[in-house]
Amino acid sequence: MTQGTIDVDPLHLATRGRLPRYATLLIAVGCALVLWVVFALTPAQGRADFLVALVLLFVVAQFLVSYFVEGGRKARDRLAASAAVAGLFAALLPLAAILGFTIVKGLKRLDIEFLTHSMRNVADSDPGGGAYHAIIGTLEQVAIATLFSVPLGLMVSIYLVEYGRDRRFARLVSTFVDVMTGLPSIIAGLFILSLWVLVLNQGFSGFAGALALSVIMLPVVVRTTEEMLRLVPAALREASFALGVRKWRTVVSIVIPTALPGITTGVMLAVARVIGETAPVLLTVFGAASINFNPFSGPQESLPLFVFDQASLPNNTAVDRAWAGALTLIILVLVLTTAARLLTSRSALRGR
Amino acid sequence: MNIARFGRKAPLIGVALAATLALAACGSNSNGTSTPAASAAASIACASGTLTASGSTAQANAMSAWIKAYQTACSGATINYGGGGSGAGVTQFQQGTVDFAGSDFALSATQQPAADARCGSGNRAINLPMVAGAVAVGYNLPGVTGLQLSAATLAKIFGGQITKWDDPAIKADNPSATLPSTGIQTYHRSDGSGTTYNFVNYLSHDAKADWTYGVNKNWPAPGGQGAKGSSAVAQGVKSTVGGIGYFELSYATQNSISTAKIGNGMGAFIEPTTANVVSFLSKATVVGTNGDLALAFDFTNTDPSAYPAALVTYEIVCKSGNKSAQLPLIKGFLTYTSSLAGQGILDSNGYVKLPAALQQQVSSAVATLA
Amino acid sequence: MASDVKTKEGPVSPGTVSGTSGSDHGRLLDRIFRRFTVASALLVLVILVAIALFLLQQALPALRQNTANFFTETRWAPDDTPSVFGIAALLYGTLVTAVLAMTMAMPVAVGVALCLTQYTPRRLARPLGYVVDLLAAVPSVVYGLWGLIYLVPKMVPLSAWISTYFGWIPIFTSDGIFGKSIFTASVVLAIMVLPVIAAVSREVFLQVPRENQEAALALGSTRWEMIRLSVLPFGRSGLISAAVLGFGRALGETIAVALVLSANYTISAHLLTPGGNTIAANIANTFGEAGTIGRGALIASGLVLFVITLIVNFSARAIVARRRDFTAATT
């Protein structure tokens with residue numbers, strides 16, 4: 001019709017081309033071919049370089065092809081998608097490499113001897129030796145830290161959630177706890193070194209390390225348990241009050257058991273976090289080569305400290321031990337974290 | 001608490017308890033060979049307890065061998081030597097957190113009062129020389145062996161003036177070697193180190209014109225890469241082509257790092273060997289008084305085979321005023337290390353034993369510790 | 001509703017209804033329990049204040065003995081006479097490594113979070129999400145070990161390549177020696193904070209209401225436009241929190257940096273040359289030989305680090321709160 005030129009399709013959506021489904025694959029193959037030629041002709045080489053160049057080239061090529069065929073909007077959409085996927089690979093690759101490295105290199109020395117022997121009478125360059133003393137040390141230090149932080153932290157979070165609503169004191173405590181969650185762990189170690197080890201003249205010991213770890217652990221426990229306690233529905237509490245139950249009884253018999261899986265999760269995550277802390281124990285336990293079951297007297301070893309010490313030595317035997325120690329550490333942390341997550345998924349409170 | 005729910009958890013708790021008990025029982029302290037040489041066993045006075053010591057990393061390998069021998073013979077003794085550098089050892093000794101310290105330089109006038117205070121009023125802290133060694137200059141140049149470096153060249157390398165291996169000064173020291181044009185990467189100690197102290201002491205004596213940075217346990221010259229502890233310096237040199245660093249000889253032998261012959265003040269190039277260190281030390285004199293056995297080196301030693309960058313590590317310990325619980329083990333361990341048997345294992349570990357006269361003096365001094 | 005009869009502590013118990021509640025006994029226990037929790041909170045407050053006061057008390061004598069300006073001096077020799085120490089080089093190293101690490105990690109982490117919530121199929125996204133969460137829990141000493149053994153040798157050719165082709169940019173010029181540089185430390189830090197930021201961002205993106213997303217799609221937007229219109233604005237405050245979390249971790253990281261950095265006390269704009277130091281790594285490296293003044297100096301530097309972390313945390317919280325005021329009306 002000669003009605004005029006009302007453009008019913010101003011964006012030309014109907015007439016713009018669309019890339020066929022196989023276009024992505026075609027572009028990828030095309031880029032690979034181009035790069036293969038480039039790499040053959042120029043001095044550039046290496047599989048890693050090839051992969052990186054391929055990904056970059058693919059993203060750019062797909063954007064350009066899509067721009068000219070489908071238009072700007074669709075092109076930007078494809079760019080975002082490919083950039084996001086490329087980002088995923090860019091992130092997962094080094095992290096998978098780290099895990100893979102640790103597993104492969106750690107398994108070389110992770111045997112029964114490593115787990116049940118200490119480093120007593122083993123020189124740096126000697127083969128053999130193990131991390132038993134370090135594992136015992138870490139477990140004892142973390143256990144003591146948990147014994148200090150969890151009851152105290154739980155009580156504080158009960159105060160914040162049950163008794164402290166809208167009170168200025170509670171807000172003050174909450175702010176301080178927030179402040180302490182940001183404390184760098186080395187400063188916790190420095191604090192215990194200055195106060196406990198030197199000023200109070202108690203010397204280096206596993207207990208000093210446990211104190212430093214509890215300084216870090218306490219705010220984490222308060223935060224996570226507070227979150228869990230808040231998730232308990234008010235209706236449960238109010239039903240309990242309506243039945244004539246005292247507040248303290250409500251908290252102890254209703255609120256805490258309901259939140260218990262969540263609290264356990266929080267505690268396990270805090271323990272997982274604190275097991276891997278090197279800086280606080282570096283300054284407080286001094287390190288030892290023999291087994292020391294007594295955390296209250298004498299130097300002790302700690303697993304992350306063991307890894308740190310062995311890693312800095314120039315002997316291959318020491319580096320092998322460092323990898324095995326790192327693998328042990330990762331296994332401990334991952335078991336705790338996975339168990340915590342499994343517990344959460346079965347809890348009545350979390351839906352996801 | 002809901003009993004039923006608790007009951008469901010009971011087996012888990014039981015497993016956890018059993019696992020804990022098993023874990024506590026299944027560890028072992030026995031590593032390596034447990035048959036000490038007969039002569040060593042004879043001279044070891046066993047005591048039990050735990051000793052904590054720290055300090056010089058130069059003597060760390062010797063300490064490791066001594067501790068191994070002593071602990072093998074005396075299963076009730078545990079000795080933890082923490083390394084950390086001579087500076088850290090002295091500081092921790094003054095603070096009272098270690099029972100004795102290893103240091104490659106004797107207590108200075110400023111350090112002595114705090115060390116004496118740690119031993120209690122009226123008591124003194126003394127320096128007991130225990131092990132001698134060579135500060136070796138290790139380098140990483142594949143294909144180049146028998147490198148010779150005069151003191152002046154070393155001063156310029158570590159001061160940052162010479163930056164390439166094919167510099168004319170190095171060529172002049174090595175007329176018959178083919179040197180690559182790789183860049184030189186120097187490694188020095190980032191912590192307070194007696195090895196540093198002895199090395200720059202040598203440079204400032206034998207390369208007066210070129211080493212203008214003074215003598216200090218903290219590396220005084222600019223540039224270069226810092227590493228914490230002798231192990232890290234050795235690791236740095238070993239992993240960098242073109243690297244050069246200084247550390248006690250045992251680190252070079254244990255890690256297969258080539259060592260250079262260094263020049264003394266008279267233009268000769270000396271190799272770091274036991275005999276050469278002994279030649280140098282034979283001219284050292286005891287300057288400590290009242291039980292203290294600190295030494296002074298003689299850098300005007302004209303012996304053509306005297307290795308000029310030698311070091312002696314002292315054990316800094318209280319002459320009297322040691323904690324009574326620790327005293328038997330301190331005395332027992334130091335008696336072993338200063339005995340002929342203890343000194344005898346030093347040679348095979350890349351160290352040099354004390355000259356006989358000095359060894360006798362140290363032995364007697366240890367016997368009088370209180 | 002029970003709330004009508006609520007007092008500050010909870011509804012008044014109708015003691016007359018059930019005589020077995022033992023009202024006096026129960027009220028006493030109630031009060032004891034409440035006092036107990038208040039006492040715990042007070043104890044924690046006292047502990048935290050005591051920590052702060054003790055650290056200050058240790059740091060001040062050292063600062064008074066210092067003969068140089070604490071903030072502009074680069075040398076670190078607090079136990080010498082005269083005592084000279086300053087955090088200029090340490091602060092520079094700490095901030096540069098943390099900022100560089102965040103620059104490298106933030107886009108990738110947001111990309112990972114977006115990918116996992118938008119682009120990957122549901123069946124793959126959940127296990128991958130778990131993997132990212134687990135990676136966030138890996139201890140930093142493992143990253144340091146990997147960085148030292150694997151990354152440092154690999155960074156030598158990479159740094160050489162960057163220096164050759166980008167050497168005209170001043171920060172990339174170098175004199176041929178590579179390896180344990182600020183750049184390497186930043187890369188290790190970036191890899192370390194990446195899972196943390198990605199995990200938190202993923203949680204944030206999962207919270208975006210489906211209605212908002214589907215409304216945008218229904219109006220004809222492409223997936224990217226939908227992300228830009230409904231996901232990113234909604235998640236902005238969460239992303240800021242994630243970034244702050246990562247930044248705080250990068251600022252305070254001790255062990256990975258101590259293993260990977262070859263410490264010296266210089267400020268250098270050349271990121272590829274060996275050297276540099278951070279506050280935390282300096283504490284870890286020199287605490288052993290620090291005398292009284294030295295320890296006070298280390299504590300002072302640690303307090304500066306802590307204050308910086310606090311400033312970052314609180315300004316992020318202020319930004320998030322302000323945004324919440326804006327977005328509250330729209331949701």
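Helices (H or I, at least four residues) and strands (E, at least two) are DSSP runs, numbered from the N terminus. This is a predicted model, in which local features need pLDDT of at least 70 and side-chain atom pairs count only at pLDDT 80 or more, while totals for chains, interfaces and linings use all residues. Residues are numbered from 1 along each chain as its sequence is written, and chains are lettered from A and ligands numbered from 1 in the order in which they are written.

**Chain A**

- Chain A holds 13 helices and 0 strands, so read from the N terminus its elements run α-α-α-α-α-α-α-α-α-α-α-α-α, by the DSSP runs defined above.
- The radius of gyration of chain A is 29 Å, whereas a compact globule of 352 residues would have one near 20 Å. That radius is taken over C-alpha atoms, and the globule rule is 2.2 Å times the number of residues to the power 0.38.
- Along the principal axes, the C-alpha atoms of chain A fill a box of roughly 95 × 70 × 35 Å.
- Of its 352 residues, 51% count as buried. A residue is buried if 20 or more other C-beta atoms lie within 10 Å of its own, exposed if 12 or fewer, and partly exposed in between, with C-beta atoms placed from the backbone.
- Among contacts in chain A with a separation of 6 or more, 72% join residues 24 or more positions apart. Two residues are in contact if their C-beta atoms, placed from the backbone, lie within 7 Å.

**Chain A against chain B**

- The contact involves 30 residues of chain A and 29 residues of chain B.
- On the chain A side, helix H5 (132-163) and helix H7 (185-199) are the elements that give two or more residues.
- The residues on that side of chain A divide into 15 nonpolar, 13 polar and 2 charged. Ala, Val, Leu, Ile, Met, Phe, Trp, Tyr, Cys and Pro count as nonpolar, Asp, Glu, Lys and Arg as charged, and the others, Gly among them, as polar.

**Domains of chain B**

- Chain B is assigned domain 1 (4-133 + 315-367) and domain 2 (135-276), with bounds that come from an automatic or database domain assignment.
- The centres of domain 1 and domain 2 of chain B, taken over C-alpha atoms, are separated by 31 Å.
- Domain 1 of chain B puts 19 residues into the contact and domain 2 of chain B puts in 18.
- On the domain 1 side, H3 and helix H4 (86-95) of chain B each supply at least two residues, and H4(B) gives the most, with 3 residues.
- By class, that side of domain 1 of chain B has 6 nonpolar, 11 polar and 2 charged residues.

- In strand E2 (residues 77-84) of chain B, 8 of the 8 residues are buried.
- B:Ala77, B:Ile79, B:Tyr81 and B:Gly83 point one way from E2(B), and B:Thr78, B:Asn80, B:Gly82 and B:Gly84 point the other way.
- Strand E1 (residues 49-55) of chain B pairs with E2(B) in the parallel sense over 6 bridges; two strands pair if DSSP finds at least two bridges between them.
- B:Thr52 stands opposite B:Asn80 in E2(B).
- From E1(B) the chain crosses through helix H3 (residues 60-73) of chain B to E2(B) in a right-handed β-α-β crossover. Right-handed applies if, with the strands pointing away from the viewer, the path from the first strand over the helix to the second runs clockwise.

**Single sites**

- B:Gly183 lies in the loop between helix H7 (168-173) and strand E6 (185-189) of chain B.
- B:Gly183 counts as partly exposed because it has 15 C-beta neighbours inside 10 Å.
- Helix H9 (residues 279-286) of chain C has 8 of its 8 residues buried, so it is largely enclosed by the rest of the structure.
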